[in-house]
Amino acid sequence: MPRIAGVEIPENKRIEVSLTYIFGVGPTLSKKLLAQAKISPDRRAKELTAEEVNVLRNLMEVYKIEGDLRREISGNVKRLKDIGAYRGTRHAKGLPTRGQRTRTNSRTVRGNVRKTMGSGRKPSASPT
């Protein structure tokens, strides 16, 4: 498995899709990187030579991906919590931060998954 940015990317998938396994690399950035490296997006990850993998690694150094990106995002959320912003309190409580309603939706986020009601009593398991 080729290892790029500390992530083992899957061998049997197209390189265009395999690169998206790296945090911070989506389909658009993946296509852009492959175009810069002059690698066909239809090739499989296991077909890449060591030289091509090194070219991809060097191209990715420009972008903020994996640990650096995760650190920046968590720092942004921590800053919002520290200054007491509304969004920060929503993050702390585990609720939607972008104005969605919570009365009926966001049950999974709130941990309030309701089961549907049964239609009366269940028959006993043992026949007596």
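Leaving aside neighbours within four places in sequence, Ala 45 is in contact with Pro 2, Ile 9, Pro 10, Glu 11, Lys 13, Ile 15 and Ser 18. Contact means heavy atoms within 4.5 Å. This is a predicted model: local features need pLDDT of at least 70, side-chain atom pairs count only at pLDDT 80 or more, and totals for chains, interfaces and linings use all residues. Residues are numbered from 1 along each chain as its sequence is written, and side-chain values use heavy atoms, with hydrogens and water left out.

Where does Ala 45 lie? Its place is the loop between α2 and α3. Helices (H or I, at least four residues) and strands (E, at least two) are DSSP runs, numbered from the N terminus. Ala 45 counts as buried because its relative accessibility is 1%. Buried means under 20% relative accessible area, exposed over 50%, and partly exposed in between (1.4 Å probe, protein chains only). Ala 45 and Leu 19 are 26 residues apart in sequence, yet 8.9 Å apart in space, C-alpha to C-alpha.

Now follow the chain into α3, residues 50–60. Here Glu 52, Val 53, Leu 56 and Met 60 are buried. They lie on the same side of α3 because they cover an arc of only 100° around the axis. The arc is that of the directions from the helix axis to the C-beta atoms. The buried residues of α3 pack against β1 (3–4), α1 (15–18) and α2 (27–37). Ala 50 and Glu 51 are exposed, on the face of α3 turned away from its buried side.

Last, look at a ring. The charged end of Arg 70 sits over the ring of Phe 23, 4.1 Å from its centre. For this, NZ of Lys or CZ of Arg must be within 6 Å of the ring centre and within 35 degrees of the ring normal.
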